Amino acid sequence: MNQHHEVTLNVNGREHTVSVPPRKLLVDCLREDLRLTGTHVGCEQGVCGACTIIMNGQNVRSCLMFAVQADGANIETIESLASGPDDLHVVQQAFVDCHGLQCGFCTPGMVLAAKSFLEQNPSPTDDEIREAIAGNICRCTGYTFIVDAIRTAAERMAGEEAGQHV
Amino acid sequence: MKPPPFEYFSPTSVDECVSLLAEHGEDAKLLAGGQSLVPLMNLRLAAPEVLIDLNGVAELARIDRSGGQLVIGAMTRHREVASSELVREACPLLAEAAALIGYPAIRNRGTMGGSLSHADPAAELPCVTTTLDAEIVVAGPGGRRSIPAPDFFAGHFTTVLEPSELLIEVRFPAHGAGPGWSFHEFSRKSGDFALVAVAVQLPGDGGSTGLAIGVGGVGDRPWRADAAEGLLADGRRNDELFQQAAEAVGAQAREHGEGHSDNDYRGHVAATLARRAFATALERTGR
């Protein structure tokens with residue numbers, strides 16, 4: 001039962017091999033074994049979305065997976081989005097500019113949910129944005145500024161695509 | 001909290017799963033998408049000694065059309081069902097319902113077989129399979145058997161699956177876009193489980209073949225609104241009849257909802273959703 005499994009994860013472009021017991025949640029492996037503490041643990045029951053990561057191109061809850069299940073997976077965490085405060089991802093910059101965060105606890109999950117959503121739907125309506133983040137709970141903002149931020153990010157990404165500055 | 005310790009197996013074939021289940025019996029749980037089982041383990045409401053992970057069983061992830069049926073493998077994710085062109089053509093009611101399951105992150109992991117085996121009475125897929133009389137195919141030590149969906153659900157979070165069996169695929173009648181269809185649900189927030197859900201399939205030719213009305217979220221399992229189906233069985237379609245049928249759905253919901261503290265409210269919501277579902281389905285018959 002406490003037998004460990006060797007697991008290889010490709011996280012943010014770097015390969016890591018860790019030894020984990022089967023019960024170890026993927027989020028705890030990222031935070032404790034890889035020291036990537038940007039992914040937050042909120043409810044641990046799949047409700048709050050704070051632990052959202054992108055695995056093999058899709059956003060998933062890292063509290064609802066065991067690390068052993070992610071063997072061989074490509075994982076992006078919030079740490080992959082920016083090298084520093086002057087190099088924010090367009091979604092992160094929009095959250096800053098639109099006051100899309102206050103305490104910041106939900107922000108890593110919110111940003112990754114928004115990023116993977118905008119990759120699939122680059123010009124969303126506000127209703128579609130709300131639907132996309134329905135599984136990410138924020139107790140500070142009331143969501144209005146988060147929706148503003150995601151809309152702004154979409155506009156800026158479209159502008160970049162068209163070679164304009166927005 | 002953290003889940004209790006368990007032994008982990010990751011088989012790659014159905015046969016291997018069946019022999020692991022035979023070996024470990026009631027101590028084992030099957031891990032599909034994990035969107036219901038892992039929260040239960042994290043909350044320590046479930047503490048299986050053995051987990052058999054189905055995510056490596058490639059033969060269980062498929063969407064096929066075979067004869068007059070649409071076949072969905074147990075490990076097919078909700079996202080795939082919701083976005084599949086084949087599902088939309090062969091069984092649009094299923095595609096519409098799958099898009100309403102949970103949130104995007106849940107649909108990326110959650111599976112057909114997991115949702116049905118979990119048997120939450122308020123979940124979308126139990127309601128759709130019951131409405132469409134889908135066949136649920138399970139594998140066990142004695143081979144395979146097929147169970148009609150209305151007989152598969154035995155109560156709250158309970159099915160007729162034996163501890164030695166696993167759900168391998170679901171076969172839906174591929175009616176195509178001929179009949180009108182509609183899935184309406186009400187929940188307090190997008191992505192939550194439905195307080196009430198109503199699924200409707202309305203034959204395009206005005207006959208009664210393929211006519212089906214199913215309700216989820218009220219009572220211990222989804223059910224067919226047979227009183228309302230009876231009212232529409234002779235093929236007549238008019239506003240008054242739809243109004244009566246919607247009231248009949250509401251009345252039956254009040255019976256099934258015995259024990260819900262908000263029973264009257266649920267009955268009212270069921271009737272309202274049925275009225276809307278009839279209107280959408282009728283529009284889609286193109287008549």
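Residues are numbered from 1 along each chain as its sequence is written, while chains are lettered from A and ligands numbered from 1 in the order in which they are written. In this predicted model, local features need pLDDT of at least 70 and side-chain atom pairs count only at pLDDT 80 or more, whereas totals for chains, interfaces and linings use all residues.

Trainee: What pattern does chain A follow along the sequence?

Mentor: Helices (H or I, at least four residues) and strands (E, at least two) are DSSP runs, numbered from the N terminus. Chain A has five helices and five strands. Read along the sequence, their pattern is β-β-α-β-β-β-α-α-α-α.

Trainee: Why does chain A count as being as compact as a globular protein of its length?

Mentor: The radius of gyration is taken over C-alpha atoms, and the globule rule is 2.2 Å times the number of residues to the power 0.38. For 166 residues the rule gives 15 Å, and chain A is close to that, so it is as compact as a globular protein of that length, with a radius of gyration of 16 Å.

Trainee: Which radius of gyration does chain B have?

Mentor: Chain B contains twelve helices and 14 strands, and its C-alpha atoms fill a box of roughly 60 × 45 × 35 Å along the principal axes. A compact globule with 287 residues would have a radius of gyration near 19 Å, which agrees with the value for chain B, 19 Å.

Trainee: What percentage of the 287 residues in chain B is buried?

Mentor: A residue is buried if 20 or more other C-beta atoms lie within 10 Å of its own, exposed if 12 or fewer, and partly exposed in between, with C-beta atoms placed from the backbone. In chain A, 45% of the 166 residues count as buried. For chain B the value is 51%.

Trainee: Which element gives the most to the side of chain A that touches chain B?

Mentor: Two residues are in contact if their C-beta atoms, placed from the backbone, lie within 7 Å. By this criterion, 26 residues of chain A are in contact with 27 residues of chain B. β4 (58–61) and α4 (126–132) of chain A each supply at least two residues of the side of chain A that touches chain B. The element that gives the most, with four residues, is β4(A).

Trainee: Which element gives the most to the side of domain 2 of chain B that touches domain 3 of chain B?

Mentor: The assignment for chain B gives domain 1 (7–50), domain 2 (60–173) and domain 3 (180–284). The centres of domain 2 of chain B and domain 3 of chain B, taken over C-alpha atoms, are separated by 21 Å. Their contact takes 22 residues from domain 2 of chain B and 19 residues from domain 3 of chain B. On the side of domain 2 of chain B, the most residues, six, come from α8(B).

Trainee: Against which elements do the buried residues of α12(B) pack?

Mentor: The buried residues of α12(B) include V269(B), A270(B), L273(B) and A274(B). Not counting residues up to four places away in sequence, A270(B) touches V196(B), V198(B), V215(B), V218(B), V249(B), G250(B) and A253(B). The packing partners of the buried residues of α12(B) are β11 (180–186), β12 (196–202), β13 (212–216), α10 (226–232) and α11 (239–256) of chain B.

Notes. Domains from an automatic or database assignment.
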